[in-house]
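Please look at the sequence and the model side by side. The report then turns to the aromatic rings and to the pockets.

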Amino acid sequence: MPVTAHSRFAIGPTDFELDGQPHRILAGALHYFRVHPDLWADRIRKARLMGLNAIETYVAWNAHEAHRGEWRADDGLDLGRFLDLVAAEGMHAIVRPGPYICAEWDNGGLPAWLFRDPEVGVRRSEPHYLAAVTEYLRRVYEIVAPRQVDAGGPVILVQIENEYGAYGDDKDYLAELVRVTRAAGITVPLTTIDQPTPQMLADGSLPGLHLTGSFGSRVPERLETLREFQPTGPLMCMEFWCGWFDDWGSHHHVTDAAASAAELDALLAAGGSVNVYMFHGGTNFGLTNGANDKGRYAPITTSYDYDAPLDESGYPTEKFWAFREVIAKYAPVPDEVPGARPDAPALVAPLAVGPALLEVAARLGDETRHETMPSFDELGHDRGIALFATRLGRGGPGVLTIGEEVRDRAWVLLNGVPVGVMSRDAHERSVVLPETRGELVILVEDQGRVDYGPRLGEHKGLIGGVALDGEELTGWCVRPVDLDRVPELASHGRSVGFAAGPTLARGEVELDEPADLFLDTLHWGKGLVWVNGFLLGRYWRRGPQRTLVVPAPVTRAGRNEVVLLEFEAIADPVIRLLAGAELGHTEI
């Protein structure tokens with residue numbers, strides 16, 4: 001970490017103060033876990049070129065500790081390196097470790113293993129929960145504490161919890177988080193964030209914590225409400241919503257750049273500090289997307305572009321230039337500007353379809369036997385897909401029914417032939433079987449754990465058991481799928497021109513040099529895609545997202561392998577790369 005002069009950052013009567021002088025925070029949200037680590041420095045630099053002086057990031061607990069006691073802070077999870085790169089660019093950092101982060105991230109950042117014990121409380125002062133949270137925060141602060149501004153590092157603020165007033169009002173819980181934070185050596189000011197409504201601001205704060213707001217419009221009104229609950233010190237919008245996220249099956253959200261810039265202008269004109277959420281959204285790589293459920297389950301797309309000033313592939317949008325112009329009225333802005341995005345390689349390559357997933361299932365994970373249907377969580381399978389199989393011997397048609405809920409999508413196959421789909425978003429939990437003899441297999445996909453509200457921590461799978469014409473089915477053979485093994489098996493078995501049902505497919509594209517790519521998924525159904533063994537994430541013909549961004553560091557000169565796990569059907573077995581992103585397609 002570069003050695004810099006030690007500074008003092010404090011909250012004064014009217015302003016943030018850096019070494020005793022008034023200081024306005026002009027921050028941008030950039031989640032290290034949503035950006036390829038080889039691109040961190042580029043994204044941080046472009047934030048400075050827009051006129052920002054700080055980078056804000058959440059910390060995703062379930063990314064760092066996917067399995068209890070197995071802490072990772074390397075490669076794309078190297079928070080220390082990320083903060084060092086912020087410092088190297090001459091910028092400050094704001095760290096928001098939660099433990100709950102929302103962020104449209106799987107389970108709001110809370111690890112699924114935490115909720116296998118039914119006694120564990122969620123976001124409250126319950127002993128089992130607090131013990132795990134304490135251990136997590138200590139690990140985070142081991143990284144953050146030596147990088148605080150008073151130790152020569154970039155970190156100027158640390159946040160306690162996240163929009164807690166929208167969830168609860170357990171002051172003992174908040175106080176314990178503060179105690180653990182201070183005991184771990186965090187000396188910089190501590191903040192909270194809530195939407196500026198009286199109830200949320202009252203419930204989500206404690207004396208001694210500096211209140212900030214989350215909003216993207218009606219700035220004077222929001223600041224007035226915030227000032228009622230934070231009577232002294234600087235006003236700050238810790239999440240200035242300049243865009244929005246997408247979920248599968250809805251439209252691509254776009255916010256007018258001029259209107260958003262006008263709101264930013266109003267905020268800065270009022271003397272406020274800001275954190276632009278998001279400055280650069282990035283991507284929900286792998287299976288990390290969250291979901292909302294406010295009566296209808298809505299999983300978040302792989303893209304987290306957010307209509308941000310820097311687009312998903314890392315290049316300025318109209319909003320970047322509009323915000324830069326506003327910031328220049330209040331602070332120095334560098335003369336240097338980032339370049340425009342060049343067209344990506346556009347090409348077509350064949351895609352070989354086959355083998356069927358069931359043909360190679362024995363090589364994709366260990367099988368266990370269960371008398372009754374287990375949940376993913378009872379299997380210790382926290383994310384992904386699983387195969388559940390049993391034998392039917394009755395004969396004749398029948399109705400297959402899930403007792404409580406499908407979480408989140410289930411494909412039903414009889415003797416290897418697809419016979420129906422049940423989806424949580426459509427509140428479907430039954431399928432008519434044309435025959436009730438032979439092998440019944442149900443492929444279940446966890447499409448992302450709910451990240452907001454009372455359904456945090458819920459279990460995944462076929463909840464409430466499975467019945468045939470009202471009689472519970474037993475004798476299940478269960479195989480959680482190890483997705484890391486999929487790419488190596490895509491070339492095994494027969495190759496067919498077209499296949500219905502869960503199938504692997506493989507192809508190659510030739511590149512002159514490593515490059516950002518935009519992988520067109522329009523003519524595929526629903527599934528997962530890997531490039532050179534790197535799991536990009538989910539695709540779905542439903543839209544609105546039509547392209548997946550492939551970061552240049554994932555690619556290489558020469559042959560690049562593309563592997564699919566298609567759950568439904570591939571209409572056109574080819575790989576298409578487009579010159580740019582298409583995030584607004586909707587299936588007709």
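What follows is a short report on ring contacts, charges over rings, and pockets.

## About the model

This is a predicted model, in which local features need pLDDT of at least 70 and side-chain atom pairs count only at pLDDT 80 or more, while totals for chains, interfaces and linings use all residues. Residues are numbered from 1 along each chain as its sequence is written, and side-chain values use heavy atoms, with hydrogens and water left out.

## Aromatic pairs

Rings of Phe, Tyr and Trp (its six-membered ring) pair if their centres lie within 6.5 Å, and planes under 30 degrees apart count as stacked, over 60 as edge-to-face and the rest as tilted. By this rule there are 25 aromatic pairs. One of them joins W40 and F82, edge-to-face, at 5.4 Å centre to centre and with 80° between the planes. This pair links distant parts of the chain, with W40 in helix α1 (residues 40–49) and F82 in helix α3 (residues 79–88), 42 residues apart; helices (H or I, at least four residues) and strands (E, at least two) are DSSP runs, numbered from the N terminus. Both W40 and F82 are buried, a word that stands for under 20% relative accessible area (1.4 Å probe, protein chains only).

The ring planes of W524 and Y539 lie at 65° with the centres 5.2 Å apart, so this pair is edge-to-face. W524 and Y539 are both buried. A single aromatic cluster is formed by Y58, W241, W244, F245, Y277, Y304 and Y306.

## Charges over rings

A charge sits over a ring if NZ of Lys or CZ of Arg is within 6 Å of the ring centre and within 35 degrees of the ring normal. The charged end of R34 sits over the ring of Y304, 3.7 Å from its centre, and R123 lies over the face of Y167, 4.5 Å from the ring centre.

## Pockets

A pocket is an open set of points on a 1 Å grid over the protein atoms alone, where a 1.4 Å probe fits, with protein on both sides within 12 Å along at least five of seven lines; lining residues have an atom within 4 Å of a point. The largest pocket is lined by 45 residues, and A66, R72, T288, R383 and D484 lie nearest its centre. Helix α2 gives the most to this lining, with three residues.

The second largest pocket has 20 lining residues, of which C102, E104, W244, F245 and Y452 are the closest to its centre. W244 and F245 also belong to the aromatic cluster described above.

Methods. Buried means under 20% relative accessible area, exposed over 50%, partly exposed in between (1.4 Å probe, protein chains only).
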